[in-house]
Amino acid sequence: MSLDPTTARDVARVLTEALPYIQRFVGKTIVIKYGGNAMTDDRLKSGFARDVVLMKLVGMHPVIVHGGGPQIGQMLEKIGKSSEFIGGMRVTDAETMDIVEMILGGLVNKEIVGLINRQGGMAAGLTGKDGDLIRATKLQMETVAEDGTRKAVDLGHVGEVEHVNTALVDALLEEGVIPVIAPIGFDCEGRSFNINADLVAGKLAEALRAEKLLLLTNTPGLLDANGNLISELPTSDVAALIQDGTISGGMLPKVQCAVDAVRGGVGTATIVDGRVEHAVLVEVFTAEGVGTMVMG
């Protein structure tokens, strides 16, 4: 059945508008932090997988870093173990770390790999322990009381990125494979660490000299005082927006991750509304995008 003329024109317009962006990003690495509703809504999951496969087919090199906090929480609840968070970080004792490795490195990772492969892509699942990918150190954290006193907090097996070795990821990309990475690292003594997925995505993007970093989340992006989306954010404006309270709460670490990545050599970093269907394609292939782009 042929398209009617109006529909045909609309299809042609979309394709021609996408062409400059395809040309711009062909051969470039794009790191995507996959999380939020995009990971739990079946319609959005399928759309994300198709988006990633299309990016690969037109010559881009997508690299996926995923979260899995809700899935970890559900498994802990099943075994009768409560979840404790301090400063947004999950307290991770040895037993919880075993669950984290099982859920992130196994269940969630393999589901994403399967989704991409079913859409015609070729994906491979990794954790930061594969190929010496992510060396980590224990995250040192403090809490500040109302009187200003500081107290060290032990989060257990929660880490931060010390070093990224991209050799295995580079080899996979050379072979046309889409790497799907669980944010688990290890230290020089072989201890495993649970690491924030945004942080891993940012550091990986820096190490790969990625053209773009996309951080999928459950918000439209950064909003100004009137509730309007800030579509473009120069790194030079960030300090003032933190000072006046525009950037606060859960948006603070995401913006800081984006700023660090851009200052570390990544072309742009965008906080993307992952609740929008085909958000990745809209962000990469259109001028408007669906989030807040941080740039130098």
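A residue here is called buried when its relative accessible area is under 20%, exposed when it is over 50%, and partly exposed in between, using a 1.4 Å probe and protein chains only. By that scale Glu189 is exposed, with a relative accessible area of 60%, and Arg191 is partly exposed at 43%.

Before going further, a word on the model: it is predicted, so local features need pLDDT of at least 70 and side-chain atom pairs count only at pLDDT 80 or more, while totals for chains, interfaces and linings use all residues. Residues are numbered from 1 along each chain as its sequence is written, and side-chain values use heavy atoms, with hydrogens and water left out.

Let's stay with Glu189 and Arg191, whose side chains meet in a salt bridge of 3.7 Å, N to O. A salt bridge means a side-chain nitrogen of Lys or Arg within 4 Å of a carboxyl oxygen of Asp or Glu. Elsewhere, salt bridges that share partners join Lys33, Asp198 and Lys254 into one network. The structure holds 14 salt bridges, including one between Asp132 and Arg135 at 2.8 Å, N to O. Both of these residues are partly exposed, Asp132 with a relative accessible area of 28% and Arg135 with 27%.

Another pair to look up is Lys45 and Glu111, which form a salt bridge with their closest N and O atoms 2.7 Å apart. This pair links distant parts of the chain, 66 residues apart, with Lys45 in helix α2 (residues 42-57) and Glu111 in helix α4. Helices (H or I, at least four residues) and strands (E, at least two) are DSSP runs, numbered from the N terminus. Lys45 is buried, with a relative accessible area of 10%, whereas Glu111 is partly exposed at 33%.

Now turn to Glu283, in helix α9 (residues 279-285). Glu283 is buried yet has no salt bridge, and the nearest side chain of opposite charge, Lys212, is 4.1 Å away. For charge, Lys and Arg count as positive and Asp and Glu as negative; His and the chain ends are not counted. Leaving aside residues up to four places away in sequence, Glu283 touches Lys212, Leu214, Thr270, Val272, Gly289, Val290, Gly291 and Met293. Contact means heavy atoms within 4.5 Å.

Finally, have a look at helix α3 (residues 69-78), where Gln71, Ile72, Gly73 and Leu76 are buried. The buried residues of α3 pack against β4 (89-90) and α4 (94-118). Just after α3, Gly80 takes a positive phi of about 80 degrees.
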